[in-house]
Amino acid sequence: MIDFNRPAYTGKEMEYIQDAVQRGMLCGDGEYTKRCSRWMEERFHTAHVMLTTSCTHALEMAAYLSDIQPGDEVIMPAYTFVSTADAFVLRGARIVFVDIRPDTMNIDEDLIEPAITEKTKAIVVVHYAGVSCEMDKILQIAHKYGLKVVEDAAQGVNAYYKGKALGTIGDFGCYSFHETKNYTMGEGGAILFDKDEYQEKAEILREKGTDRSKFFRGQVDKYRWMDYGSSYLPSELNAAYLYAQLEVCDQIQDKRMEIWNYYHRELEALEKEGKITRPVIPEGCIHNAHMYYLKVRDMEVRTKLIHYLREKGICSVFHYIPLHTAPAGQKFGRFAGEDRYTTKESEKLLRLPMFYNLDMKDVEYVTEQLKSFKEY
Ligand SMILES: *Cc1c(COP(=O)(O)O)cnc(C)c1O
């Protein structure tokens with residue numbers, strides 16, 4: 001069976017974990033956590049990167065730091081993972097879902113402005129498949145109405161928009177290092193921001209409401225309970241695994257890109273015959289080969305294709321039941337405007353096997369089987 005995903009393993013992970021153990025500090029913010037943060041700050045050109053226990057938690061931090069209050073409205077695409085909405089619902093926000101663009105499956109930037117009300121506080125964008133949203137337009141709208149921009153860049157680590165790393169463009173960026181993402185620590189994530197004004201509040205929030213970070217820097221002589229807080233620090237064991245992956249980030253990315261490009265090239269003929277559509281990468285976007293998906297005619301064809309591939313020993317998956325159609329989405333949000341594409345496009349989408357240790361022979365086999373399917 002060709003799996004859909006396996007967590008990346010590159011070689012140094014166990015050595016670094018062993019080293020972390022020998023250093024005698026397994027809790028958060030030790031040597032490996034610092035190395036990961038510094039690496040990302042330098043590579044992605046942003047002032048502050050804090051590792052978290054997940055992207056969901058990074059989004060929770062972003063919602064708190066954006067000062068979301070009960071009853072505030074937050075605009076986001078309906079086609080996304082539940083965490084994007086959950087993090088803001090926890091702060092009492094109402095979610096206003098808008099439609100996506102069928103080419104990238106990202107929020108339609110032209111539909112954001114009509115969804116703004118006097119209660120709107122933030123725009124949350126999701127860079128689906130590591131392909132950027134139209135950030136120039138979105139920042140312009142945010143500026144005009146005084147809104148915060150949070151980037152759910154869970155899938156967008158090491159991807160770029162007009163030269164800027166995804167996650168460093170809005171007020172806050174959130175990364176995921178879940179095992180299904182390009183670079184992993186099992187479960188984990190990071191919050192990114194550029195403005196120093198958020199640093200103290202973010203540190204306190206992440207450290208159970210204490211100024212323990214300041215204490216460790218020698219800036220205060222004891223640490224105390226200062227404000228609202230939770231525990232968002234991952235263990236050094238997880239950070240050690242991640243650091244091994246960040247060090248060979250380009251190697252991981254190159255392999256994923258090889259797979260992505262192979263699928264894209266080999267499936268071109270099926271697109272020309274009108275049987276499928278392939279992903280679109282707009283100008284100015286450098287993606288990170290997070291995902292290869294294709295779209296078929298409708299849900300019925302997709303179901304048949306999944307079964308067909310499964311019989312051939314290939315695991316393919318789909319995702320995102322649009323949030324506004326789910327029970328919690330109806331309870332906590334509303335859809336602004338018309339659902340022209342979200343539901344329809346989500347029913348067509350199928351994701352192909354994509355992971356670092358995937359054999360190119362298996363990639364070839366997958367494309368051959370896709371070509372041999374007769375019921376598009
Ligand atoms: C994976 C993912 C998340 C959640 O990441 P975790 O690290 O598992 O919390 C959130 N948003 C999007 C778009 C994702 O793909």
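# Briefing on a predicted structure

A336 lies in the loop between strand 12 (333–335) and helix 14. The model in which this residue sits is a predicted one, and at 18% relative accessibility A336 counts as buried, because buried means under 20% relative accessible area. The C-alpha atoms of A336 and G163 are separated by 32 Å, and these two residues stand 173 residues apart along the chain.

**The ligand and the residues around it**

- The ligand has 14 residues around it, and those that come nearest are T56, D152, Q155, S176 and K181.
- Sorted by class, the shell around the ligand is made up of five nonpolar, seven polar and two charged residues.
- A polar side-chain atom of T56 lies 2.5 Å from an oxygen atom of the ligand, while for K181 a polar side-chain atom lies 3.3 Å from an oxygen atom of the ligand.
- In C55 the atom concerned belongs to the backbone, for a backbone N or O atom of this residue lies 2.8 Å from an oxygen atom of the ligand.
- On its own the ligand has 380 Å² of accessible area, and the protein covers 93% of it.

**Salt bridges**

- How many salt bridges does a search of the whole structure find? The search finds 27 of them, and a few are described here one by one.
- R43 forms a salt bridge with D250, and the closest N and O atoms of this pair are 2.8 Å apart.
- Because R43 lies in helix 2 (residues 31–44) and D250 lies in helix 10 (residues 249–266), the pair ties together parts that are 207 residues apart in sequence.
- R43 is partly exposed, with a relative accessible area of 27%, and D250 also counts as partly exposed, at 40% relative accessibility.
- In a salt bridge between K208 and E207, the side chains meet at 3.7 Å, taken from N to O.
- Are K208 and E207 buried or partly exposed? K208 is partly exposed, with a relative accessible area of 45%, whereas E207 counts as buried, at 1% relative accessibility.
- The side chains of E345 and K295 meet in a salt bridge as well, with a distance of 2.7 Å from N to O.
- E345 lies in helix 14 (residues 342–346) and K295 in strand 11 (residues 293–295), so this pair ties together parts that are 50 residues apart in sequence.
- E345 is buried, with a relative accessible area of 6%, and K295 is buried too, with a relative accessible area of 5%.

**Cysteines**

- A disulfide is a covalent bond between the sulfur atoms of two cysteines.
- C27 counts as partly exposed, since its relative accessibility is 39%.
- For C174 the closest cysteine sulfur is in C55, at 5.3 Å, and because the cut-off is 2.5 Å this distance is also too far for a bond.
- C174 is buried, with a relative accessible area of 0%.
- By the same cut-off, the count of disulfides comes to zero.

**Two details of the backbone**

- Most residues other than glycine have a negative phi, and most peptide bonds are trans.
- In D67, a residue other than glycine, phi has a positive value near 60°.
- D67 lies in the loop between helix 3 (55–65) and strand 2 (73–77), and at 41% relative accessibility D67 counts as partly exposed.
- K162 is likewise a residue other than glycine with a positive phi, here near 45°.
- Where does K162 lie? K162 lies in the loop between strand 6 (160–161) and strand 7 (164–165).

Technical notes. Residues numbered from 1 in each chain as written. Predicted model: local features only at pLDDT ≥ 70, side-chain atom pairs only at ≥ 80, totals over all residues. Heavy atoms only, no water. Helix = DSSP H or I, 4+ residues; strand = E, 2+ residues; numbered from the N terminus. Buried < 20%, exposed > 50% of the residue type's maximum accessible area, 1.4 Å probe, protein only. Near = heavy atom within 4 Å. Polar contact = N/O pair within 3.5 Å; in protein donor to acceptor, adjacent residues only side chain to side chain. Areas by Shrake-Rupley, 256 points an atom, 1.4 Å probe, with all protein chains shown as cover. Nonpolar A, V, L, I, M, F, W, Y, C, P; charged D, E, K, R; others polar. Salt bridge = Lys/Arg side-chain N within 4 Å of Asp/Glu carboxyl O.
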